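Here is a short tour for a first look at this structure. Keep the sequence beside you as you read.

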Amino acid sequence: MSRGAEALDLPVWSSASDQSWEPRRSSNAMAHLDSDVKEECLREDLKFYFMNPCEKFRARHQIPWKLGLQILKIVMVTTQLVRFGLSNQLVVAFKEENTVAFKYLFLKGYSGVDEDNYSCSVYTQEDAYESIFYAINQYHRLKNISLGTLSYRENEEKRIGLKVCKQHYKTGTMFPSNETLNIDSNIEADCLHLDLWALSKNPPGWKNSSFFRLEFYRLLQVEISFHLKGIDLQTILSRELPDCYVFQNTITFDNKAHSGKIKIYFDSNANIEECKGLNISGSVQKNTQYVLAFDAFVIVICLASLILCTRSIFLALSLRKRFLNFFLEKYKRHVCNADKWEFVNGWYILVIISDLMTVMGSILKMEIQVKNLTNYDLCSILLGTSTLLVWVGVIRYLGYFQKYNVLILTMQASLPKVLRFCACAGMIYLGYTFCGWIVLGPYHNKFVGLHTVSECLFSLVNGDDMFATFAQIEQKSVLVWLFSRLYLYSFISLFIYMILSLFIALITDSYDTIKKYQQNGFPVTDLQAFLKECGSRGQCQKEPSALLCPICCLRRERRRARERERQTETHTHRWR
């Protein structure tokens with residue numbers, strides 16, 4: 001037997017006369033060879049998996065399709081979002097401007113500025129009657145006084161006109177002079193429908209109806225509701241099809257407090273519906289087709305990105321399974337959890353979520369474009385969130401550079417500690433929220449609701465609007481005023497000087513740790529130690545990935561062994 005064959009432990013024929021084969025030694029040699037080949041193939045695949053796109057291209061000339069696709073997707077999705085945002089602004093502006101116009105049309109004495117959460121108020125019975133009759137008369141004269149493209153529309157009962165409803169206690173008598181009250185707390189509701197024919201009568205007989213004889217001491221509220229329709233023509237200037245709107249308007253005279261002040265609320269709910277009989281000449285139709293083709297191209301790009309990222313995740317899980325089995329078989333122990341999570345690429349999951357939201361938002365946008373659907377809000381949420389995730393995903397490629405990777409590593413290191421810290425600080429925050437709401441709510445506008453209290457306290461933590469919060473507390477109760485000072489001073493001192501400082505210290509500590517690791521080296525895990533063996537042996541070959549083809553690795557290693565054997569035999573022959 002040649003010395004080259006002995007060194008490689010390859011199965012060879014004996015030099016004896018009968019040329020008999022040694023099966024047992026050959027079998028052991030093949031098993032040892034297979035084990036080494038599998039280990040080398042696994043190491044090569046692992047090292048290739050953790051390369052960045054540029055390193056993969058230099059190693060195996062593999063074109064970074066996902067990188068190119070992500071760059072193209074960023075441009076396309078951002079362009080789509082900007083176009084839809086401009087269109088959505090027109091929709092929101094049209095709704096808001098019509099709401100303001102309705103308040104001027106139907107509310108007597110409206111000043112243009114709402115009072116708190118209601119539009120205006122009245123303080124006398126005469127003003128209450130005049131405000132009710134004014135809204136009804138303005139509805140009748142709408143076509144003669146309105147500047148917009150408005151018309152009457154049927155309500156839920158398929159009737160055109162006004163619906164006036166009032167709520168009041170069933171029966172009751174009240175004598176404030178001797179503090180006597182006799183009232184039935186059951187609530188009755190009466191409604192009256194006034195169509196255009198009844199409103200056109202002269203003199204108007206509906207004003208003398210007993211329905212409008214209001215007993216204010218037991219009156220709870222009067223509600224006037226009517227439906228209008230209009231067309232948004234400004235979209236034509238943007239070369240888009242116009243939208244048709246249905247406005248469900250409600251005027252509410254609220255007297256539930258019986259405080260001598262009736263609050264008047266105006267609510268307008270605008271719904272978009274399909275326009276019938278559109279006949280628009282010009283380039284609007286062609287522009288709509290181009291926009292639909294662009295949205296379809298965005299969907300195709302996102303689906304391609306979704307497929308590639310999903311494929312990468314499955315291949316990574318397959319590679320992790322190979323590594324876990326190999327490590328358990330060779331070293332007789334399990335891999336740590338940190339190494340297991342190295343194979344789960346969170347950026348791919350982020351891209352998949354972004355692609356799904358973009359596809360759903362693009363489909364919804366196409367339906368809105370052809371006026372089959374009108375849910376602008378849901379579409380804007382989907383497209384806005386997907387664009388946010390797309391741009392956040394760019395950080396992944398910046399993370400391949402050490403100077404840009406500090407932010408990602410610091411966030412990863414500090415996140416568990418920050419979450420635990422926020423859970424403890426949140427308990428204190430909730431305590432202050434409930435305390436401020438129950439004590440200061442009746443005396444301060446920023447503490448009237450739990451959500452407003454939480455927003456006010458969050459602003460105080462960030463140093464915003466401090467003086468106004470102190471100054472707006474009413475001094476009707478000295479005890480409450482003193483408590484408010486103790487409450488605000490203690491909250492600001494505790495959260496700004498202690499909790500917020502500790503919060504920043506946690507992040508700073510993680511940042512310092514990462515900087516030390518970058519200078520002195522990161523702790524070596526089992527996975528990293530396994531990959532470093534590749535460089536020490538000098539056997540890493542930059543060839544096509546054998547992730548799914550260990551047979552190719554076996555053949556490649558046998559071919560190398562035969563070449564080394566021939567070289568050894570040639571050298572031995574020359575020596576002889």
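Start at Phe434, which sits in helix H13. Phe434 is partly exposed, at 46% relative accessible area. This is a predicted model.

Phe434 belongs to a nonpolar patch on the surface, together with Met427, Ile428, Leu430, Trp437, Ile438 and Leu450. Which helix gives the most to the patch? Helix H13, spanning residues 406–440, does, with six residues.

**Nonpolar cores**

In general, nonpolar side chains tend to be buried together in soluble globular proteins. The largest nonpolar core here has 47 residues. The residues with the most contacts inside this core are Phe106, Ile132, Ile136, Phe212, Ile224, Leu228 and Ile251. A second, separate core holds 21 residues, including Leu440, Val453, Tyr487 and Ile492.

Take Phe212 as an example from the largest core. Beyond residues up to four places away in sequence, Phe212 touches Tyr129, Ile132, Phe133, Ile136, Val164, Leu192, Leu194, Trp206 and Lys207.

**Salt bridges**

Side chains of opposite charge can pair when their charged atoms come close. The structure holds eight salt bridges. Among them are these pairs:

| Pair | Closest N to O distance |
|---|---|
| Arg218 and Glu215 | 2.3 Å |
| Lys417 and Asp509 | 3.3 Å |

Lys103 lies in helix H4, while Asp114 lies in the loop between H4 and strand S1 (120–122), so the pair ties together parts that are 11 residues apart in sequence. Lys103 counts as buried because its relative accessibility is 10%, under the 20% limit. Asp114, at 34%, is partly exposed.

Next comes the salt bridge of Arg218 with Glu215. Arg218 is buried, with 15% relative accessible area. Glu215 is partly exposed, at 37%.

How many residues separate Asp509 and Lys417 in the chain? They form a salt bridge, and the pair links distant parts of the chain, 92 residues apart. Asp509 lies in helix H16 (residues 478–520) and Lys417 in helix H13. Asp509 is partly exposed at 42% relative accessibility. Lys417 is also partly exposed, at 27%.

**Back to helix H4**

Helix H4 covers residues 65–106 and contains Asn88. Is Asn88 buried or exposed? Asn88 counts as buried, at 13% relative accessibility. Leaving aside neighbours within four places in sequence, Asn88 is in contact with Tyr376 and Ser380.

Key. Residues are numbered from 1 along each chain as its sequence is written. This is a predicted model: local features need pLDDT of at least 70, side-chain atom pairs count only at pLDDT 80 or more; totals for chains, interfaces and linings use all residues. Side-chain values use heavy atoms; hydrogens and water are left out. Helices (H or I, at least four residues) and strands (E, at least two) are DSSP runs, numbered from the N terminus. Buried means under 20% relative accessible area, exposed over 50%, partly exposed in between (1.4 Å probe, protein chains only). Contact means heavy atoms within 4.5 Å. Patches are made of residues with over 30% relative accessible area and no salt bridge: like charges are joined within 9 Å, nonpolar side chains (Val, Leu, Ile, Met, Phe, Trp, Tyr) within 5 Å. Accessible areas come from the Shrake-Rupley method with a 1.4 Å probe; for residues, only the protein chains shown count as cover. A salt bridge is a side-chain nitrogen of Lys or Arg within 4 Å of a carboxyl oxygen of Asp or Glu. A nonpolar core is a set of buried Ala, Val, Leu, Ile, Met, Phe, Trp, Tyr and Cys residues joined through side-chain atoms within 4.5 Å.
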